[in-house]
Amino acid sequence: MAKFDLSLYLVTSSEIAKAAGHTLEDVVKHAIDNGVTLVQLREKKMETKAFIDLGRSILSITKQASIPLIINDRIDVALAIGADGVHLGLDDMPVSIARKLLGDNAIIGFTVSNAEQAIQFQSSEKIDYFGTDAIFSTDTKTDKQAIGLDVFNEITSVSKLPVVAIGGIKVDNVHKVINCGAKGIAVVSAICGAENVAETTKSLSDSVRNALNTSPYTIKVANALRKIKNEKPLVHQITNYVVMNITANATLASGALPVMAHAEEEVQDMVKIAKALVINLGTLDKNWVSSCHQAIKAANEKKIPVVLDPVGSGATPYRTHTNTDILNKYHIDIVKGNSGEIGSLAGENVEVRGVESVTGVSNPNKVITELAKKHKNVIVITGKRDLVSDGKTIIGVDNGHPNLGLVTGMGCVSAALIGAFASVESDHLVAALGGLALLEIAAERAAKNPQVGGPATFQLYLFDELSKITPAILASEARFVQL
């Protein structure tokens with residue numbers, strides 16, 4: 001099989017190009033010069049001879065640039081001009097026959113409509129990649145209803161083959177399909193009908209490349225949310241009295257099961273049946289702290305993930321000592337706090353008033369990287385841009401809404417949700433990203449509800465939105481930035 005790159009896949013239309021005042025040859029040349037990585041010649045209404053003549057003309061351009069040329073449907077045309085492959089659908093020639101005619105080196109793509117078809121057809125070694133029905137509504141694919149991001153993400157989650165997204169894709173929604181697992185985008189009108197083909201192609205190419213940089217994380221958080229909803233893991237939480245009801249409901253909304261147990265007599269037994277442990281020291285006393293030590297020790301022995309929310313660390317010597325003692329004595333997989341709280345654990349000179357950070361760390365990237373390296377874990381600093389590091393990589397999360405700061409316990413909710421993700425995802429960097437993004441996307445969606453008049457109604461609709469977020473919504477709306 002020839003090598004190919006699906007990242008920016010041009011599907012041609014001579015009619016659309018002509019209507020925009022271009023020749024198809026000019027469209028293809030300018031598109032290749034500005035980032036197109038694969039070209040498909042798709043001419044449904046063209047007679048065979050004209051199709052062959054056009055194919056030869058386009059092939060001379062693609063060959064010169066070492067870009068593969070795929071022919072849509074027409075194997076006879078592909079053979080006649082020596083194209084690099086074909087793209088087929090359910091109603092076209094069977095793939096097995098096409099492969100015999102075209103040979104082992106030909107690229108063969110195949111369109112699927114759902115996850116079931118992807119599972120069915122990927123067992124054939126004769127297919128090289130999948131396309132799908134249109135994701136968004138489009139003028140060039142009017143025979144079928146758009147499948148939407150949820151179905152598309154289901155396809156990518158089960159496919160062992162690379163999947164290219166098509167249908168209504170433009171610069172402003174490229175990140176959504178890439179985040180849902182697409183290895184690239186296929187476009188028709190966006191390039192063929194563009195006023196400035198070169199400029200439009202360059203913008204699309206840049207958008208795809210930027211999205212592909214962080215898409216491995218969005219794909220993983222989507223898969224983790226799918227596992228949470230399917231497996232319903234038990235998340236043991238020793239959390240403060242102020243937020244106990246809130247974090248329990250948030251955990252339920254994610255699909256996980258909460259248990260809020262802090263009695264010394266049972267915490268070790270509860271850890272034995274849990275998939276993750278979340279420690280929140282918001283309302284600490286000596287008995288509470290003793291329970292936390294027993295639970296964490298049991299969790300370390302069982303090797304289940306532990307999330308620490310060092311609420312108010314830095315505000316009093318007792319809180320700071322309690323949190324640093326836990327962090328130094330046990331293995332804590334993920335520590336999540338605001339800038340002041342994390343700074344206090346790193347020995348920085350910070351000011352925390354109550355549980356709110358007044359002054360934080362001056363160099364947060366350096367602090368979380370060094371702290372994560374020291375403790376061999378993941379450190380999270382929440383803020384306008386959340387920062388997450390495993391000591392090697394730093395990812396920023398740019399989701400969220402100011403209303404989160406108007407409701408008590410939202411930071412505690414994020415720790416609970418991180419715990420839910422850690423219960424099913426062994427990559428704790430991904431788990432932290434998932435918990436943060438789930439809450440913050442829900443906040444963005446809730447804030448748009450016209451019924452929201454202030455903090456109380458915002459909190460009401462926040463929990464509705466938490467329960468509604470699908471893996472595709474989480475992936476497509478997450479805004480991760482590699483720093």
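I looked up Thr12 first: it is buried (under 20% relative accessible area, with exposed over 50% and partly exposed in between; 1.4 Å probe, protein chains only), with a relative accessible area of 1%. The model is predicted, so I note the limits: local features need pLDDT of at least 70, side-chain atom pairs count only at pLDDT 80 or more, and totals for chains, interfaces and linings use all residues. Residues are numbered from 1 along each chain as its sequence is written, and side-chain values use heavy atoms, with hydrogens and water left out.

**Around Thr12.** I placed Thr12 in the loop between S1 and helix H1 (14-19). Helices (H or I, at least four residues) and strands (E, at least two) are DSSP runs, numbered from the N terminus. I found the side chain of Thr12 at 3.1 Å from the backbone nitrogen of Arg42. Leaving out residues up to four places away in sequence, I list what Thr12 touches (heavy atoms within 4.5 Å): among them are Leu24, Val28, Val39, Leu41, Val188 and Cys192.

**Strand S8.** I checked both faces of S8 (residues 184-187). Gly184 and Ala186 are buried on one side, Ile185 and Val187 on the other. Pairing here needs at least two DSSP bridges between two strands. S1 (residues 8-11) runs parallel to S8, joined by three bridges. Leu8 is opposite Ile185. S7 (residues 164-166) also pairs with S8 in the parallel sense, over three bridges. There I see Val164 opposite Gly184.

**H10 against H18.** I took the axes of H10 (residues 197-231) and H18 (residues 428-447): they come within 9 Å and cross at roughly 75°. Axes are lines fitted to C-alpha atoms, for helices over the stretch in contact, and angles run from 0 to 180 degrees between N-to-C directions. That makes H10 roughly perpendicular to H18 (65 to 115 degrees). From H10, the contact includes Tyr217 and Leu225; from H18, it includes Leu429 and Leu438.

**The open sheet.** I traced nine strands in the order S10-S9-S11-S12-S13-S16-S17-S18-S19, with mixed pairing. S10 (257-259) and S19 (480-482) are the edges, each with a single partner strand, so one side of each has no neighbour in the sheet. Neighbouring strands are turned by 20° against each other on average, direction ignored. Inside the sheet, S17 (residues 386-389) and S18 (residues 394-397) pair in the antiparallel sense over four bridges. Ser389 is opposite Ile394. H16 (residues 364-375) packs on the sheet, touching S16 (378-382), S17 and S18.

Key:
A polar contact is a pair of N or O atoms within 3.5 Å; within protein, one must be able to donate a hydrogen and the other to accept it, and residues adjacent in sequence count only if both atoms are side-chain atoms. Angles under 35 degrees count as roughly parallel, over 145 as roughly antiparallel, 65 to 115 as roughly perpendicular and the rest as oblique.
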